[in-house]
Amino acid sequence: MDGIVRRVEGRSPRSKQLAGRYRKHLVESRTWANFRPELKELNFPIAVQRARGARFWDVDGAEYTDYCLGFGVHFLGHNPPYVEEAVARQLGRSVSLGPQQELTYQVAEQFCRVTGHDRVTFTNTGSEAVMGAVRLARLATGRPKVAYFEKSYHGITDGMLGRGTGEFGGVDPISPGLSGGSLADVVVLPYDDPASLEYLRAHAHEIAAVLVEPVQARNPVTQPVAFLRRLRELTETTGTVLIFDEMITGFRVGIRGAQGLFGITPDLATYGKVLGGGLGISAIAGKQALLDGLDGGDWAYGDDSAPYAETTLFGGTFQKHPLSIAAAGAVLTHLEEHGERLYQEVNDRSAGLTSALSDLFRQRELPYSVATFGSLWRFQYGGLSNLYQPLPLEMLYHSLLADGLYVWEGRTFFLSTEHTDGDAERFLAAVDRNLDALHEAQFLTLGGGADRTGRAAAPAEPRAQWPMSAQQRELWALCRRTEPDSVAYNEAVVLELHGPVDGAALGTALAAVRQRHPALRAVCSPDGAQLRVVETADEVLRCAEAADEDAAEAAVDAFVNAPFDFESGPLFRCLLLRRAEDRSDLVIAAHHLVFDGMSVTTVLTDLGTAYAQALDGVDPAAEVAVRQPAALPTNPVSADLVSYWRRRLADSPAPLWGAGPAADGTRTGRPARRTFQLDQEVWDAVTARCPALRCTPFMVAFSAFTAALHATCGRDDLVVSVPVDQRPGERERDWVGHYVSYVPVRSTAGAADARAHHDRTSRLLTQDLGHADVPLHTVLDALEQEGAVPDAWRTRREVTSVVFDLNPAVPTVKLGAVTGELRLPEVAEAKFDLFFDVIPVEGGVLVDIMHRDHVPAGDVERLWTQWCAALRRIIEDTPAG
């Protein structure tokens, strides 16, 4: 116990200090709701400083992977960019209360379309929504009572805080301070019990509503579909209003919640949590005849119609708050755009994790099990899902907290769309490791798969060889056509570190990252068909010192631009270059075969986590499960696909700046690089107009780029390629390797204005991306075979001579207390004639333009100027909204 206390305090010391210092002023009930004397020193909330995705960072800078997620709110992760943008837009317009916002009408229509309900009203909290729904049921039926079920939770109003007694249907307050009188019209019944249905039938004359959590968050093992269908039939027969409380399951288990999964339509439903994307909002939705009880019904202007329905009293100052409505609209749009695939991915990931946890408990012969529904789960003791759990299980929760896995006091775990397979693997490994620790401290007795020390048997070795992706095979063949020591496809980043760096801990962390991602230890088979793991004798991390700035830049240049040996390796290498006592560069270089843009983000994120563990004395290699890459399924090259690209690439224009010296595979001169910064207000204006343009920021930026190219080069017909990540979904997002294909987009000049050019370019871009499920070289090979292009490889070079990309926002990289500033080093060769790379960073947008030496520098300067002007024309031609 003392060890857990030291670990938690060591990770988040200031959180405990703040709780102790301000307890006499701040009233906070949640953290001590399950107070136990044995755990007193662990009884403090973690104070958060910032959050993003599936993680947050506390006031000490410690990182936590979040499995509380705002008690289920942050299904889409913390601070989704599209929610931030929507809230910022509304904040810039108005947060006025009283007048109606036009957006509220639009979001109401969208909500009804998504959920299938007739009408909706927006409120602030779940408790408020439930109160309003019950009030509508009493109004409609004229009956006084409401029934709900044991182990359900419907908010904090007195009438919802009852529990069953020894008498069937009886009710008592669950805590002191509650009014017994407020429960006089309440019935509490056992859930999933036929006797409850009989009680409801016998007392139907006095029961206005049956309120039900379809799957109870405190008891997810019970998923009584048959019971719910019988309940629906019964309430329809008796005229009782059936209310589904979908505060937690709504928009989490499916876009239509448990109603959609079970095929049951209630009369009313309440929603919240996920809907607001982090802001407070709830909703009452359902049948028109019931919702008319709030406003009198649907009537028209210009005739003799009027409100016709009897109404009850319901309202609140902050209902339909403009910021919450804006956030809800962004959430609904995101869910509509991504559809069921989004839910399938997160539910599959949750199912895989909870299945593995169940297997672990079973192998260790522990009396624990996992109750799960969709992307939420709870640990059970003895088959029961209790709030008050045995001490060893509570110690396990706190041990996970000490490892940076945030678990809230209610002990329900939630997964978000931003959690990865890697997060799931780390969670499982942490549970496994901490069970060992509890066993060694004699709090648990383990059996089954554990040896005499309590440790589980070693996992099976990962595959030592696997097929290359189609993109890797294409790149391997392309590199074979260049000079043997070409470095055009060397990828590199430099982390500028201002502060002390522990070289030993960094080496340990890098070794763990390489162990986790086999591609970083791989070499190519001689035929370019396979990657295989080879443990080389090279050091994971090379260390060097530089006497001065010139020597440092020369060392970085030499390291970055050294060629890679495909068959001997390594294809991934790192250098820690010390420039001064508290100033170092971490240089990461790899061949593009095993390292694309997504790989950079994954490796840097994993490195920061592993380094923190190494500093804490935890071996990161013991925790990380191996993330084995796999070959993506190869889609067939259909006749329709070939026909589409034959038409799009027919009589393709020549490269904008001629063939250039790279056309025959020979090395070009050292490329030039220009970096510009776009004004933040311009980019904000671009994103603000995307809803009106019905497009993404990428489409706006890309259409402006093609317009700028037409103006710069004086060409009416040109091709620009865009990189597309071919990882199939969230599950594969943290694969390290090369999974990027290029999609050529044909652009022609002649549109009447900037908006018309944007609309046409966006339409063509959407069509081209819709025909990009087969790698470019595969399509070009098919076109070459039928004589549509003379040479597939030459055509590929031509259509990818100019490439445009808009990157995801660059993450902040921290090594312990030191924040790394990311920069791109100078390279000796370029992949393309011109690469226009838009990179959102904190506080602005960088535009990195790399070009070969035959591209005039003046054209690059004009291209930048024309792009900015094209963006402004689109902004001027489009009203914000």
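This report walks through the overall build of the protein and then a few of its strands and residues.

## About the model

The model is predicted, so local features need pLDDT of at least 70 and side-chain atom pairs count only at pLDDT 80 or more, while totals for chains, interfaces and linings use all residues. Residues are numbered from 1 along each chain as its sequence is written, and side-chain values use heavy atoms, with hydrogens and water left out.

## Overall build

Let's start with the whole protein. It contains 24 helices and 31 strands; helices (H or I, at least four residues) and strands (E, at least two) are DSSP runs numbered from the N terminus. The C-alpha trace spans about 90 × 80 × 55 Å along its principal axes.

Of the 881 residues, 54% count as buried; buried means under 20% relative accessible area, exposed over 50%, and partly exposed in between (1.4 Å probe, protein chains only). Among contacts with a separation of 6 or more, 74% come from residues 24 or more positions apart, where contact means heavy atoms within 4.5 Å.

## Surface and charge

The protein exposes about 36800 Å², and carbon and sulfur atoms supply 51% of that area. Accessible areas come from the Shrake-Rupley method with a 1.4 Å probe; for residues, only the protein chains shown count as cover.

There are 85 positive and 115 negative side chains, and the centres of the two sets lie 2 Å apart. Lys and Arg count as positive and Asp and Glu as negative, with His and the chain ends not counted. Each charge is placed at NZ of Lys, CZ of Arg, CG of Asp or CD of Glu.

Strands of a sheet pair through backbone hydrogen bonds, either parallel or antiparallel. In this model, 4 strands form an open sheet with mixed pairing, in the order E1-E2-E3-E15. Its edge strands, E1 (48-52) and E15 (405-406), each pair on one side only. Two strands pair if DSSP finds at least two bridges between them.

Within this sheet, E2 (residues 55-58) and E3 (residues 63-66) run antiparallel and are joined by 3 bridges. Trp57 has Glu63 in E3 as its bridge partner.

## Two covered strands

Strand E9 (residues 207-212) is mostly covered, with 6 of its 6 residues buried. E9 pairs in the parallel sense with E5 over 3 bridges, and Val146 stands opposite Ala209 in E9. E9 also pairs in the parallel sense with E10 (residues 241-245) over 4 bridges; there, Val212 has Phe244 in E10 as its bridge partner.

Strand E31 (residues 844-851) is largely enclosed by the rest of the structure, because 7 of its 8 residues are buried. Its pairing with E24 (residues 672-678) is antiparallel, over 7 bridges, and Leu678 stands opposite Val845. E30 (residues 834-841) also runs antiparallel to E31, joined by 8 bridges, with Phe835 partnered by Met850.

## Two buried residues

Thr104 is found in helix H4 (residues 102-115) and is buried, with a relative accessible area of 5%. Leaving aside neighbours within four places in sequence, Thr104 is in contact with Phe122, Lys320 and Ile325.

Gly155 lies in the loop between E5 (145-149) and E6 (162-164), and counts as buried at 5% relative accessibility. Beyond its neighbours within four places in sequence, Gly155 is in contact with Ser127, Met160 and Leu161. The C-alpha atoms of Gly155 and Thr125 are separated by 8.7 Å, with the two residues 30 apart along the chain.
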